[in-house]
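Here is a walk through one protein model. Keep the sequence and the coordinates open as you read.

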Amino acid sequence: MDSSRDHQVKISSSLLTAAILGAGVAWLGLVAAAAGWRWTSRTVTGPAWNHAWLYTNLALTMCLFVLFPMLLSRITVARGDKRSLVVFGHGLALLLAAFPMLITAAWLNDASVHMLINISAIQIAFAIFTLGLSVWSIQCHGMGRMVSLGVMAGLFLLPPGIALIQAANFPWLVGGLWGSWVALFPAPIITLACHNALRASTVAWIVGVYSVMGLAMGFQYAIY
């Protein structure tokens, strides 16, 4: 048996799969806008093109935190291979594939350069975080890997629902610190950023925290 096989990267997915995932999920944001999906008054009818920028960015964020880690969990890397480069390649393919859909949405909503810069920085920080956590989770087996996948999905899916329950049942906690905690999580961050409701200092803080956490988790395996 050829010993070189021990040093081959065993990948059950492919860069093409990551690219299709990035383009397809971001495209769903445009589909939602065309279908007229809204979280506002039901009396408003017709396409929701004014929400295209928000929808495509939310779709990309959902992909990074929910779907992409599931794809990466299928990747197994043989000893001696640089697993971090394999994961990085998949992440880059996903982001590049989503780029045309995001540009289309930005054009439809006449997004400003300032907003484009903020959103791009935040999405890249989210990608660094999910890549770092994914590199770490690849080292885990069984329950550890499932927990890491659940954490990433929960960061995107749970906070908005919890905030809604809090507002409906505990209205006295809506204002102040107890009501703003949700803005620390991906979905609310993207929503605020797409509405240009974040200060430059807040964006810098968000980008720094998520990037540092991702790099910290992935750095110990970067040389492998």
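Begin with aromatic residues. This is a predicted model, and a search of the whole structure turns up four aromatic pairs. One of them joins phenylalanine 126 and tyrosine 210. Their ring centres lie 4.9 Å apart, and their planes make an angle of 75 degrees. That angle makes the pair edge-to-face, because the cut-off for this class is over 60 degrees.

Where do the two partners sit? Phenylalanine 126 belongs to helix α4 (residues 113–138), and tyrosine 210 to helix α8 (residues 200–219). The pair therefore ties together parts that are 84 residues apart in sequence. Both partners are on the inside by accessibility: phenylalanine 126 is buried at 0% relative accessibility, and tyrosine 210 is buried with a relative accessible area of 7%. The two also belong to one aromatic cluster, made up of Phe65, Phe126, Phe129 and Tyr210.

Now move to helix α3 (residues 83–108), which holds leucine 102. Is leucine 102 buried or exposed? Its relative accessible area is 13%, so leucine 102 counts as buried, the limit being under 20%. Which residues does leucine 102 touch, apart from its neighbours within four places in sequence? The contacts are Trp53, Thr56, Asn57 and Leu60. Take threonine 56 as an example. Threonine 56 and leucine 102 are 46 residues apart along the chain, yet their C-alpha atoms are separated by 6.3 Å.

Helices α2 (52–72), α3, α4 and α8 each give at least two residues to the lining. The largest share, eleven residues, comes from α3.

Next, the cysteines. A disulfide is a covalent bond between the sulfur atoms of two cysteines. How many disulfides does the structure hold? The number is zero. Cysteine 63 is buried, with a relative accessible area of 0%. Cysteine 194 is buried as well, at 9% relative accessibility.

Finally, consider confidence. The protein chain averages a pLDDT of 80, and 77% of the residues score at least 70. Over residues 1–12, pLDDT stays under 50. For residues 1–12 the model has 21 contacts beyond four places in sequence.

Technical notes
Residues are numbered from 1 along each chain as its sequence is written. This is a predicted model: local features need pLDDT of at least 70, side-chain atom pairs count only at pLDDT 80 or more; totals for chains, interfaces and linings use all residues. Side-chain values use heavy atoms; hydrogens and water are left out. Rings of Phe, Tyr and Trp (its six-membered ring) pair if their centres lie within 6.5 Å; planes under 30 degrees apart count as stacked, over 60 as edge-to-face and the rest as tilted. Helices (H or I, at least four residues) and strands (E, at least two) are DSSP runs, numbered from the N terminus. Buried means under 20% relative accessible area, exposed over 50%, partly exposed in between (1.4 Å probe, protein chains only). pLDDT is the predictor's confidence in each residue, from 0 to 100. Contact means heavy atoms within 4.5 Å. A disulfide is a pair of cysteine sulfur atoms within 2.5 Å.
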